[in-house]
Every structure is written in C-alpha cells, then in structure tokens.
Amino acid sequence: MVKVEGIVGDTLQQTLVDLISLELQAKQAHWNIKGPRFRALHLALDEVVDLVRNNADEVAERLATIGGNPDGRESTVAKTSTLDELEAGDLPVDKTYEVMAERVQTVCDKIRQNLSEADEADPITGDLLIGVVSGLEQQAWFLRAATK
C-alpha cells in the first residue's frame with residue numbers, strides 16, 4: 001500500500017483544496033459576470049465547474065483509498081488554497097475570462113510542482129494528477145482563446 005504521509009498525501013490534499021477553491025470561484029464568477037459575451041462565459045464556467053467537481057471527487061477518493069482523510073472543509077480550503085480570493089460584486093466578462101484562465105492555470109502549475117515526485121512514489125496517483133492537469137490546461141486554453 002502507498003504511504004499516505006509525504007509527497008503523495010500532501011499533493012493529493014493540496015490538489016483537493018485547490019480544486020474546491022477553483023470550483024467555488026468559477027461558480028461565483030458564473031453568477032456575477034456582466035457584459036458582452038455573457039452567455040458564452042456563463043456556459044464556459046459551467047464546464048469548468050463540472051470538470052473540477054469531478055476531479056475533486058476523484059482526488060478525494062484516491063486519498064481515501066490510500067488511507068488518507070480528505071479534508072475539504074471550508075476552513076481548510078480558506079486557509080490552504082493557493083488561489084487568491086475572487087473579487088466580490090459585478091465582474092466584467094473580458095476581465096473574468098482572463099482571471100479565470102489565470103486561476104485554472106495556477107492550479108495546474110501547483111499540481112505540476114510535485115507531480116514527478118508523486119508519480120515516482122505512486123504511479124496511480126501520478127496518472128490521476130496527469131489527467132487532472134490535462135483537463136484543466138484545456139479549460140485554461142479555452143478561456144484564454146476567447147479573449148484573443
């Protein structure tokens with residue numbers, strides 16, 4: 001059995017927290033965007049939310065499978081997320097495309113920091129995280145491409 005202490009457990013837990021934070025931010029933006037191209041971004045953010053929610057569940061279940069205790073409590077997410085807090089109030093569509101692309105990419109970059117070590121310690125976790133990064137990078141690209 002994989003040791004949950006160390007790089008594998010830490011990477012899965014941080015990934016879980018960042019995915020939950022990203023899901024909440026994407027939904028917050030989804031509710032508060034205003035301006036031209038509203039509908040396109042509104043729907044794009046739903047895609048991000050669905051992907052991230054599914055990924056978070058898989059990450060949490062992997063952590064539980066190897067003997068860890070996934071911690072997705074709001075206090076844990078608030079204290080340990082690598083994402084900055086999303087601005088409150090109305091959010092202009094163009095700026096929100098950029099902000100959300102940046103937030104999605106931030107989560108990808110954080111996962112990549114420890115991906116090689118986690119993969120070496122547990123290839124199953126490595127494969128899971130590679131899949132997470134692949135899906136998130138595609139969403140970041142979709143969001144960036146909409147502003148070009």
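## Fold at a glance

Reading from the N terminus, the chain's elements go α-β-α-α-β-α-α. That makes five helices and two strands, where helices (H or I, at least four residues) and strands (E, at least two) are DSSP runs numbered from the N terminus. Keep in mind that this is a predicted model: local features need pLDDT of at least 70, side-chain atom pairs count only at pLDDT 80 or more, and totals for chains, interfaces and linings use all residues. Residues are numbered from 1 along each chain as its sequence is written, and side-chain values use heavy atoms, with hydrogens and water left out.

## Size and packing

The chain's radius of gyration is 15 Å, which agrees with the value near 15 Å for a compact globule of 148 residues; the radius is taken over C-alpha atoms, and the globule rule is 2.2 Å times the number of residues to the power 0.38. Along its principal axes, the C-alpha trace spans about 50 × 30 × 20 Å.

Of the 148 residues, 46% are buried (buried means under 20% relative accessible area, exposed over 50%, partly exposed in between, with a 1.4 Å probe and protein chains only). Take the contacts (heavy atoms within 4.5 Å) between residues at least 6 apart in sequence: 82% of them join residues at least 24 apart.

Asn55 sits in helix α2 (residues 38–65). Asn55 is buried, at a relative accessible area of 8%. Setting aside neighbours within four places in sequence, Asn55 is in contact with Leu19 and Val132.

Val49 also belongs to helix α2, and it counts as buried at 2% relative accessibility. Beyond residues up to four places away in sequence, Val49 touches Glu23, Ala26 and Lys27.

## The aromatic pair

The structure holds one aromatic pair. Trp141 and Phe142 form it, tilted, at 5.2 Å centre to centre and 40 degrees between the planes. Rings of Phe, Tyr and Trp (its six-membered ring) pair if their centres lie within 6.5 Å; planes under 30 degrees apart are stacked, over 60 edge-to-face, and the rest tilted. Phe142 counts as partly exposed, at 34% relative accessibility.
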